[in-house]
Every structure is written in structure tokens, then in C-alpha cells.
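Biologist: Hi! I'm new to this one, could you walk me through it?

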Amino acid sequence: SKAYVLSFTLALHDELRDTGVTVTALMPGPTDTNFFRRAGMASTRMGRMSRKDDPAEVAREGFDALMDGDRKVVAESMLTKAMAIGNRLLPDSVKATANRVMSTPVGSNK
């Protein structure tokens, strides 16, 4: 779903390029919100991370990118930015495995 949202955003950004309308994809890393609890992911490795990004900073980066007319922004921490770089370099099969591991509840054998 994230890949779809990014592709859709990039397509809209291009289609609206001469209209004065800006479309920006905000791509946050783990952010300190209720997302993981609401999604039933509080017991996953990602949900249990002790250091998550500050939601106010993530929102500020997204807003600034939108106002600058950027197509996309990877927000907030250096860890999130490093993960984004790794995603460009790793094969899809490795990214899928890493996502599964980070999204599986800790102690689960799934």
C-alpha cells in the first residue's frame, strides 16, 4: 500500500505540474503516535522501538516539503533517512523479508 501511495502521489504531482496544485508524498519512519497500538502492532519490533520520530517534526518536514513543491520527503530522523537509502539499494526480496521481520510480533514464529 505504501508503494501504491507513493506511485499515485508522484503521478498526481506530474499531472498537476502546471496547475499551481502541489502533491507531496510524506514518507515517515516509525513515529511516536498511537499508530502501532491501533494497528495491533505494539508487540512488533518496530512498535517496540524505544526511539521513534517526533510527530511534530515529521509534520513540519511534510509541510515544508509541500510548501517547497517537493514530490516526496523522507521524514525525520537519520535512521529513517538511512532506511530509505537502503531501500533504494536492496533487492525487493530482501526488503520484503526485512519488513516481515520488523512487523511480526516479538516471540512469534510466523
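Biologist: Is arginine 17 buried or exposed?

Modeller: Arginine 17 is exposed, because its relative accessible area is 56% (buried means under 20%, exposed over 50%, partly exposed in between, with a 1.4 Å probe and protein chains only). This is a predicted model, where local features need pLDDT of at least 70, side-chain atom pairs count only at pLDDT 80 or more, and totals for chains, interfaces and linings use all residues. Residues are numbered from 1 along each chain as its sequence is written, and side-chain values use heavy atoms, leaving out hydrogens and water.

Biologist: Which residue forms a salt bridge with arginine 17?

Modeller: Aspartate 14 does, with the closest N and O atoms 3.3 Å apart (a salt bridge is a side-chain nitrogen of Lys or Arg within 4 Å of a carboxyl oxygen of Asp or Glu). Aspartate 14 is partly exposed, at 43% relative accessible area.

Biologist: And how many salt bridges does the structure hold?

Modeller: Four. Another pairs aspartate 92 with lysine 95, again with a closest N and O distance of 3.3 Å. Aspartate 92 is exposed at 60%, while lysine 95 is partly exposed at 25%. Shared partners also join Glu57, Arg60 and Asp64 into one network of salt bridges.

Biologist: New topic: is threonine 9 buried or exposed?

Modeller: Threonine 9 is buried, as its relative accessible area is 7%.

Biologist: What does threonine 9 touch?

Modeller: Leaving aside residues up to four places away in sequence, threonine 9 touches Val23, Thr24, Ala25 and Arg71 (contact means heavy atoms within 4.5 Å).
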